[in-house]
Amino acid sequence: MFDNGSRYITRGVGNRIPLDIQIFIWQLIEDLKDTVGEVDYLQVFDISIVDETEKTVRIIHSQEVPKYKKIWIVKSSEPCDNEKIFVIDDDTHSTMLLAEEY
């Protein structure tokens, strides 16, 4: 999973998720391959604001098979709203989308 090299984002992600957070999410998936080994086709990221003035967000990264959950606190280059993001791999490409776009 997530080895095909073709990565896409939806319009919603492009409009509402800062680029540095998008890149961080892709990197978390890459790192997961090294730490957990088996990567589920569906990666889930819950983003919530920790400190709006500091532009700090909490990202909860999870997958179902095998069970995985990790929490990250990071600074964003620009404000970010509370969002749920799915990253789905279908063996030919990977797509990052807002949960509401699914």
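Guide: In the hairpin of S2 and S3, four residues lie between the strands, and Lys55 has a positive phi near 55°. The model is predicted, so local features need pLDDT of at least 70 and side-chain atom pairs pLDDT 80 or more, while totals for chains, interfaces and linings use all residues. Residues are numbered from 1 along each chain as its sequence is written, and side-chain values use heavy atoms, without hydrogens and water.

Visitor: What makes S2 and S3 a pair?

Guide: Strands are DSSP runs of E, at least two residues, numbered from the N terminus. Two of them pair if DSSP finds at least two bridges between them. Strand S2 (residues 42–51) and S3 are joined by seven bridges and run antiparallel, so they pair by that definition. Asp51 is opposite Thr56 in S3.

Visitor: How do you know that S3 and S4 pair?

Guide: Eight bridges link S3 to strand S4 (residues 68–75), in the antiparallel sense. Ile59 has Trp72 of S4 as its bridge partner. This hairpin of S3 and S4 also has four residues between the strands.

Visitor: Why is Ile73 called exposed?

Guide: Exposed means over 50% relative accessible area, buried under 20%, and partly exposed in between, with a 1.4 Å probe and protein chains only. Ile73 has 52%, and is therefore exposed. Ile73 lies in strand S4.

Visitor: Which residues of S3 (residues 56–63) are covered, and how many?

Guide: Seven of the eight residues in S3 are buried, so the strand is mostly covered.
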